[in-house]
Amino acid sequence: YAKLSGKNTYKFFNDDLKLQLDRRAFLEAELRKAINNDELHICYQPKYRLSNRELVGMEALIRWENSTLGPVMPMDFIPLAEDIGLINEIGKWVIKEVLVTMNTWMAKGYPLVKVSVNVSQKQFRSGELVQYIESCLNAYEIDAQYLEVEITESVLEDSELVIPQLNELKDMGVGISIDDFGTGYSSLSLIKDLPIDTLKIDRSFLRDALSNQKESSIVKAILNIGHTLNLNMVAEGIETEEQLKLLLELNCPDGQGYFFSKPLPPDELEETVLNGTFVQQ
Ligand code: C2E
Ligand code: MG
Ligand code: MG
Ligand code: MG
């Protein structure tokens, strides 16, 4: 009996593994076709000045809607895209799509706000990122001050390659933001030497900040670093009024999160946020 069940376990394990591999192969094949099949979209999450709830920017977040898989979240395909060498193509699609959308907003007469685009470490290895951003800004007539790149601390593992490109972007007028600050490779001296404008406080610190003294001390410490280095700061993942209150007490300038708004498709964002009918009470 033990032998039988052992065999079954082995078989189940095999089936399970096979299923996982099949799923990955399927995801990979579908992802390769996603751009041409028009399955990628961008949602925009507004960022607000916390003291007066003024709209100060938004973050562009990629979405993938596949006919078989349904919606696939970035965490389930961005790492895959990085692994299989697709991140450059997808990353370029994102940059272009964002600037095309900003161009249509401008044409409709909406005042532009800064849009932040997430950029992977691997995109800096292509050697064409800065050039590509510059040519898209020119093509869609967007002033560089309205674009920001969000990078994670992990890009610092490649600092010799990345820092010169960040300096070029900075010189062009593009903003640089450190995403998920405090969760990764935080070398404070490197952060001091990087051409950074903004620190984004990871939502994991905020999540428990109200109940947990240690977490709120981390939020405080990050805000102190940011104030000292004269950086802008954005709290991620504000979900409740209590969290907002705490951030206001700690003098955190800006924030984003479900409390204000989920990431929205461009037409919905236009209807609610950009035309000003969206009033957060
Ligand atoms: P991120 O850049 O840290 O983005 C913030 C994530 O938090 C987003 O998840 C957003 O939808 C989510 N979020 C916002 N407010 C709240 C909140 O109040 N509560 C909670 N629980 N979550 C909130 P999303 O869109 O699933 O993106 C996940 C990650 O995927 C991003 O983290 C970013 O690292 C990556 N990503 C997204 N779009 C792109 C892209 O175009 N290119 C690259 N390279 N990475 C991207
Ligand atoms: Mg981000
Ligand atoms: Mg983040
Ligand atoms: Mg994150």
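How many aromatic pairs does the count come to? The count is four, where rings of Phe, Tyr and Trp (its six-membered ring) pair if their centres lie within 6.5 Å. This is a predicted model, in which local features need pLDDT of at least 70, side-chain atom pairs count only at pLDDT 80 or more, and totals for chains, interfaces and linings use all residues. Residues are numbered from 1 along each chain as its sequence is written, chains are lettered from A and ligands numbered from 1 in the order in which they are written, and side-chain values use heavy atoms, with hydrogens and water left out.

**Stop 1: the rings**

Select Tyr 44 and Trp 105. Their centres are 5.1 Å apart and their planes 65 degrees apart, an edge-to-face pair (planes under 30 degrees apart count as stacked, over 60 as edge-to-face and the rest as tilted). Tyr 44 sits in strand S1 (residues 40-49) and Trp 105 in helix H3, 61 residues apart; helices (H or I, at least four residues) and strands (E, at least two) are DSSP runs, numbered from the N terminus. Both Tyr 44 and Trp 105 are buried (under 20% relative accessible area; exposed is over 50%, partly exposed in between; 1.4 Å probe, protein chains only).

Next select Phe 259 and Phe 260. Their ring centres lie 5.3 Å apart with the planes at 75 degrees, so this pair is edge-to-face.

**Stop 2**

Donors are N, O and S atoms within 2.8 Å of the metal (3.2 Å for Na, K and Ca); water is not among the atoms, so sites may look incomplete. Glu 59 lies in strand S2 and Asp 179 in strand S6, so the pair ties together parts 120 residues apart in sequence.

**Stop 3: magnesium ion (ligand 3)**

Asp 179, Asp 180 and Glu 236 coordinate the magnesium ion (ligand 3) at 1.8 to 2.2 Å. The magnesium ion (ligand 3) is 3.9 Å from the magnesium ion (ligand 2), and Asp 179 coordinates both. Both Asp 179 and Glu 236 are buried.

**Stop 4: the lining**

Finally, colour the lining of the largest pocket: 16 nonpolar, eleven polar and twelve charged residues. Here Ala, Val, Leu, Ile, Met, Phe, Trp, Tyr, Cys and Pro count as nonpolar, Asp, Glu, Lys and Arg as charged, and the others, Gly among them, as polar.
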